[in-house]
Each structure stands twice: as structure tokens, then as C-alpha cells.
Number of protein chains: 2
Amino acid sequence: MNRVPTSGSFETWLNIGDKKSIGEALAAAHPADTANALLDLDDASAWRILLMGRLADAGPAFGHLPMEVQARLIEQARVKDAARLLDRVAADERADLFKALDEPLRATLLPHLSLRQRLDTERLVSYDEHTVGAVMSTEFAAVPGELTVRDSFDFIRDEAPRKETVYAIYVVDELGRLAGVVSLEDLLTSDQERRMDEIMDRDVKFVRADEPRTAVAEMIRTYDFLALPVINGGDRLAGIVTVDDVLDVEEEEATEDFHKMAPVGAIGTGIKEAGLALLYRARAPWLLVLVFMNILSGAGIAYFEDTLAAMISLAFFLPLLIASGGNAGSQSATLMVRALATGDVRLSDWVALLAREILVSVALGVTMGVAVAFIASVRAPEIGVIVALSMVVTVLFGSLVGLCLPFLLTRLKFDPAMSSSPLVTSVADIGGVLIYFGIATWWLGDIVAVA
Amino acid sequence: MNRVPTSGSFETWLNIGDKKSIGEALAAAHPADTANALLDLDDASAWRILLMGRLADAGPAFGHLPMEVQARLIEQARVKDAARLLDRVAADERADLFKALDEPLRATLLPHLSLRQRLDTERLVSYDEHTVGAVMSTEFAAVPGELTVRDSFDFIRDEAPRKETVYAIYVVDELGRLAGVVSLEDLLTSDQERRMDEIMDRDVKFVRADEPRTAVAEMIRTYDFLALPVINGGDRLAGIVTVDDVLDVEEEEATEDFHKMAPVGAIGTGIKEAGLALLYRARAPWLLVLVFMNILSGAGIAYFEDTLAAMISLAFFLPLLIASGGNAGSQSATLMVRALATGDVRLSDWVALLAREILVSVALGVTMGVAVAFIASVRAPEIGVIVALSMVVTVLFGSLVGLCLPFLLTRLKFDPAMSSSPLVTSVADIGGVLIYFGIATWWLGDIVAVA
């Protein structure tokens, strides 16, 4: 078992028509390793190799291919072959693939699936993205409560290959409603003649199919579960979410948060697979929003044109000052967005964090003020005090914007991750211009008036 | 089982000295729920409640408390009580706690632990942070190869409560070297009289204790394992990493990447628990580095002082232009950093991505150029062409910096996540100033010369 196959040996066997070796290699390898080897071959060869193996080996290997490769292979395959293979792909992976296929192909393929697989697929694709239903699998182990431990073992032995996990066995009533759970571990240590409803844990934790998928991730993380049952509107057991699904959910959620911090709109696929038009559409709107915000900074500078004209050396420190406010704001915003996302910080912590942020920001501002006063003493000593004072206020202002924006967005039911560095920087820029030229105009009062 | 306890009922029972109810509640609740209820009580009450339960219940509940609460409770506890409880905390969690304790307390506590627990703890704390050894647990199920399936079941029944997982049983030779693995599922479906070394999977995947912890996360994610064995220098089985450990590793790694993108230095604890001095130290160096980079932008402006003085309206568009270059760069950098972190993109993809980035950036630049030309036509038509042209070049420049920096850092063995938005923005700012005033000076050639 678990020999790692190479694309080279697959190619050789394919060329000499050695179907037996291919079948054996597929049976012996972990499906992830098979998928990895197939990726190095052209689509037609990869597909022929998959069809040469047992479906029970080829299905999981196919399910481990990247989504866009799965879609390509299915699009060029004969419908009957595709349906036969898809019958043996995990239900949640098959549903993900169906979502990626064009509607006509989906409609052609569906009737060729086995009845059970077809119903599962239709149900799973119907759930909204980002819900629990969209990540769950329908391949769970469920038994009636009157079954004995002994009979349950027999059931598991028979059913194990077709289930995502048998380490949690769910007990359902005659209407299919979730009544309890028995771990395989508990099953092992129980008397063979007892009934499942006697040994089951009745206070089983569950999620509903229409809850956001982050809910299930948080529960599995909190309780260290290997799987969590999902119930539907009628309280019936509809599926399970396994911990490996949660790993994928967490990675996707983190990626979405990173992208929002860029800020970039939803891409929903890998960077290499994303079309140029998609990348353009994800980026252009944000750049335009930000540029129109920057007009305000420009307007601020225009408003203080007399001050600038009277003391042109002020321009030298402008980028440095407003950038520092933005940088401090970017730090605060990122710390808060991540802390809110991981549950480290809640909305109610806002006031306590604000007080801390003010203390830290003043310290940072004074540090930066000293640094910039040093630079000014060399380059433009006549405005040293203005620059140093502006730095303290600008860093404080930027930090507070960065701290408050994520909380404000959360409060207004927006995603706090929208407080991207560029957005915070834009707001801090406007504030920075007003602070800097405001202080300069006040300090240089007479000079400006004379000019 | 699994009744969720409340801090209120714990408090009541504590006040009336109802030790029995407390013990029952601890036994019935999931340790994560107990920990959650204890968090609402003061430290002294929480500790007294833990000591009133069975150690087998109190240990896991204690292990689910946040690290800094664990440390506080242990610091104020009597050494004997602390050691008794710590004996029953999961080995990996105990090791994490020991790392957080002061050296004198650590030295006081260690001799009071049971021998096995002491040796485990000493070994686990010795591994460098960010290695597999630092996240693994020593509580795995291992049996000799000559054991029969029947005897293995008996072993698992006895040992299960003391193991992190019994869903993978490792087979070791007489020197403790990893020889194979049997899943509990396979054990169930095997003949009771066969030997473990007959049914085991010999090509077992494993990691080494001194590998980076991201390696184990990637393997568990790829193969959908529930646990992965860890071997040490002598190829001996040293521990396991379970999938719930990987969930924590992935969250921590993502948080570290977010913070680097801020940019903020290593904090290593929650935001609320981090001291003000720690926050200051994590933020100030980056702000100073960035401000000194911004001096270059200022120097650029100073160099073009004549151009600016001749056409003061140029200043109006300066923040907007350099910010747009920085924003486009921030988008590219964030997309690349995340794609490199998730393995979506590799170093070798650089050239292909560069070609795509140029196409997308030119489209973005032209869009932005049109937008800014429109603004200029209202505010300062005399420099419309300069501004529009500069925008196209600046956005292209910023995007390319954002794309290339993560790859460059990876190539130089630095962490690509250091290509934070503010860092990219600083580099783009410098370029933006030179591009803008360069184009302006060339376009306005005569006017500047006259002035």
C-alpha cells in the first residue's frame, strides 16, 4: 500500500497498454499521490489512466485533482465514462465540481449518475456558498437506536468504504432526526448486546445547514471534533462536516481576508487560473474608490496652497508624514481585523483596546517625531517643530482610524476585513494633510500672511 | 454527557460547598464548555472548582483555558496541586504551558510531575518553536508487530482514555522504530487472529521532529490524515501530530502572515494579553524603517523643487498619483504573498505571472489615467496629460514592485510576507515621485527653464 507512483511509469504502462500495472498502482497509492503524478501528464493520458483503474481507486484520485483540472477532464470525456467515475467521487467534492461546470454539461451528466448520487448532488449544489450545507458531505454513518453494538459493528464493516468517516456513528429516530452520537472508541469499549440508544451521547452538538460555514469551523476548532453532524429544516440529519473540510474552509476564509486587505474583490479561484478580465474586475473598482478618496487629500493641499507657496520646504516632509500616519493605521487595522477574525477580540473589547491604543500610539508618535525632527534639523531647521508636532498627531490619528474602522464596520454588519491598509491609509492621508498644513499655517501665521 | 455548565451554577455550588455537583458537572461537560464557564469567574474560584472535580475531567478542562489564564492559575497555586492537575493535561498542551512559565517556576514544578509526564515535558519543551516537535504529542497508541488483532483491541480499550487518538495504531519494532500503521477501521475489518505486522500498512507517511511545522500541516492537508507519526533522529517513533493541532498551526501561521503584512513584528500572544511595551517594540522599528524610506520620496520632491515651484498645481495630484501606485502594488503583493503561502503559486511561476501582471496593470493604469484626466480637466487642465500619463506608468510600476518583491524575498530565503502593503507603498512612492516629476519636467521643459 501507499507506493508513490510516478508520471513516468504511468506513461510507460500506458504506451505498452499495461492495464494491469496501472490498476495495481492506482490501488496501492494514496489518491493524493496518484493525482499528483497525473498532473504531469496531458489531459487525455490522465483520463485514460483513470479509466483503467478500479472505480473505487480512480474516483478518489480524481477527487484530489485541482478543481479546474477535474472540470477540463470531464468536459472532454464521454458522458458515460464521466458519470461512472463521478459516482465514486466523494459527495461533497462531486458537488463542488458540478458547481464549476457549465449548466448544459451539468444537465447532461446528472441523469447518468446513480439515483442516490444524483439526489445527493442536487441537494448539495442547492446550498448557498459560504453556508454549512455547501461544505458538508452526505456520506455519514447513521444507525437506528434499537440496533445493538454487535450489529453496529457489522454495519460499519460493510459501510466503511462508502463513508467519509466511521469514527462517529450517528443515531437517528424513525423520522431520520438526529437522536445521539456514539464514537467508534465508545463502541469498542461497550457491551456487545447493548442498544445504540442506551450508550449514545444524547447531547450531541450539531450545526444547521443554512448557518455560515465559519460556525462549523469554530465549533470543530473549539471542541476538537473529527466531524460535526448537520441538520436541516426538519431537524433531520442531513450531512456531516469533517475536520479536513474545516481545514479547507479556514484556508479559504483566510485567503478571502487577505484579499480584502489588499484590497481586491472576490476571485474565487487560484491566481494562476483566474482570467485577466476577472483580475481586472477584482482590482479596478477598489483602485478607483481609493483614487477618489485621494482627491480629498489633494483638495486639502490645494486649500493650503498659500502656506505651501510661502514655505515650499513643507512639501519635502509631506509624503513622509502622511505615509507614517497611514503605516501606523495599517498596523492597527491589521492587528484588529485578524484578532476579530480569530475571535481573540470581540466588539465589546473596543473601549479597553482604544485606551491601550492611545498609549501605544503616543509613544510611537513621539518616537517618530524625534526621528523626523532629527531629519528636519539637517534639511529644513526652520520647520522642525512643525514637522515633529505634526508627526505625533498624525501617527496618533492614523492609529485610531486603523483601530476604529474594523470595529465600526463590524458594528454596521460589514466585514471588518474591508479595513484594508490602502483604505486606512487614504483616510489617514486626508487627516495627515489637514493636520500638517493646519499646524504649519498656525505656526507660520505671519509669514503666510506676508506672502 | 455534554451538558453545558454555566459560571452561575459553578459559583452557587462553590458558595454552598456542593463538591458533588461540581464534580458531576465537570464529568458531564465537554472540557471546552467547562473552560468557557470558568473564564467568567475569578482565578481563585476557577482553580478551586477544578480541584473539586476528578483529575481526568479537570485536566482537559484546564488545557482548554487560554494559555495566559493557565499560567496565572499555576503561578498562584500550591505546587502539589498544580503538579497533580498538570499530570492529566495533554502532553503537548502541558509543554506549551511550560514554555510560557518563568524558569524558576518551571524548575519547581517539573520534579513534582510523574516520571513519564516529566520526561515527555522535558523532551517536548526542548524542540525549537515552529518545528514539528514543538506541536507534536507523545500520547500515541503504539504496539509491537507480533501482537494479534484481538490483543490490539484489548490494548486500545485499556489505553484509549490516555491517548490523543486511537484511530491510527502505530506498529513499532523492538527498537521503537516505526514499522507501519493500522487504522482502527482496518483493525475492525481484519481477522482477529492475524498479527499486526501482517495487516499493517508498511509505507506509512511520517515527518521528522526537526522539520518546520508547516511541513506536517501540508501533509495532513494533502492526504486528509487524522494524525501523522513523527520520528526522531534514530528513526524512533517520537510522537504524533493530530489534525486539530494542524488547525491551530494553520491559524497561527496565517496570523503571523497577517501581522507581517501590517507590518508588525512577532507578538506571539493575543492582542489583549500583549503588554504595551511589547506592542510598541513590535511596531516602532517598522515605522522607523518606513519613514527613512520615505525620506527618499521627500528627496525626490526636493530634487524637482524648480518644477514644482513653476507649476504648483502639480502638488495637487501628487498624493493621488503616488497612492495609486502604492495601492496597485499592495494588491499585487497581497495576492502573491497569499498564493505563495498556500502553495497556489511557486517560485517557478514567476515569469508567467509577470507577463499576466503587465497586461492587467496596463489595463488598470489606463482606467486610472482616464479617471484622473477627467479630474484634471476640471481642476488643472494645463497638466492633464502629465497626470494621466504619469498614472499609467505609476500603476504599472507599483504593480510590478508588488508582484516581484514577494518572489525576490522568497528567492533570497526571506519570508515573502514581509512584502507588506506599507513597504510596497514606500517603494512605489519613491518611483511615483520620480515618474511624475520626471514626466512633468520633460513636458513642461520650457516653463521650468524660464522660471
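**Close-up views of a predicted two-chain model**

**Figure 1. The hairpin of strand 2 and strand 3 in chain B.** Strand 2 of chain B and strand 3 of chain B make a hairpin, with 5 residues between the two strands. In the turn, Gly176(B) has a positive phi of about 80°. The model shown here and in the other views is predicted. Strand 3 covers residues 178–183 of chain B and runs antiparallel to strand 2, to which 5 bridges join it. Across this pairing, Val172(B) stands opposite Leu178(B) of strand 3.

**Figure 2. Strand 2 of chain B and its parallel partner.** On its other pairing, strand 2 of chain B meets strand 1 of chain B (residues 141–144) in the parallel sense, over 4 bridges. Here Ala142(B) is the residue opposite Tyr170(B) of strand 2.

**Figure 3. Side chains of strand 2 in chain B.** Ala168(B), Tyr170(B) and Val172(B) point one way from strand 2, while Ile169(B) and Val171(B) point the other way. Residues on both sides are buried. Strand 2 (residues 168–172) is largely enclosed by the rest of the structure, because 5 of its 5 residues are buried.

**Figure 4. A salt bridge between chains A and B.** Lys205(A) and Asp33(B) meet through their side chains in a salt bridge, at 2.7 Å from N to O. The pair crosses between chains: Lys205(A) lies in the loop between helix 13 (196–199) and strand 4 (207–208) of chain A, and Asp33(B) lies in helix 3 (residues 31–38) of chain B. Lys205(A) has a relative accessible area of 12% and is therefore buried. Asp33(B), with a relative accessible area of 7%, is also buried.

Figure 5. The side chains of Arg116(B) and Asp120(B) form a salt bridge, 3.3 Å from N to O. Both residues belong to helix 10 of chain B (residues 115–125), where they are 4 residues apart, about one turn of the helix. Arg116(B) is partly exposed because its relative accessible area is 44%. Asp120(B) has 5% relative accessibility, so Asp120(B) counts as buried.

**Figure 6. The Arg78(A)–Asp81(A) salt bridge.** In chain A, Arg78(A) forms a salt bridge with Asp81(A), and the closest N and O atoms of the pair are 3.2 Å apart. Arg78(A) counts as exposed, because its relative accessibility is 59%. Asp81(A), at 10% relative accessibility, counts as buried.

**Figure 7. A network of salt bridges in chain A.** Arg213(A), Glu252(A), Glu253(A) and Glu256(A) are linked in a network of salt bridges. Side chains of opposite charge can pair when their charged atoms come close. Over all chains, the count comes to 49 salt bridges.

**Figure 8. A nonpolar surface patch in chain A.** Ile358(A), Val362(A), Val366(A) and Val370(A) make a nonpolar surface patch of about 300 Å². Ile358(A) is placed in helix 19 of chain A, which covers residues 350–379. With 34% relative accessibility, Ile358(A) counts as partly exposed.

Notes: Residues are numbered from 1 along each chain as its sequence is written. Chains are lettered from A and ligands numbered from 1 in the order in which they are written. This is a predicted model: local features need pLDDT of at least 70, side-chain atom pairs count only at pLDDT 80 or more; totals for chains, interfaces and linings use all residues. Side-chain values use heavy atoms; hydrogens and water are left out. Patches are made of residues with over 30% relative accessible area and no salt bridge: like charges are joined within 9 Å, nonpolar side chains (Val, Leu, Ile, Met, Phe, Trp, Tyr) within 5 Å. Accessible areas come from the Shrake-Rupley method with a 1.4 Å probe; for residues, only the protein chains shown count as cover. A salt bridge is a side-chain nitrogen of Lys or Arg within 4 Å of a carboxyl oxygen of Asp or Glu. Buried means under 20% relative accessible area, exposed over 50%, partly exposed in between (1.4 Å probe, protein chains only). Two strands pair if DSSP finds at least two bridges between them.
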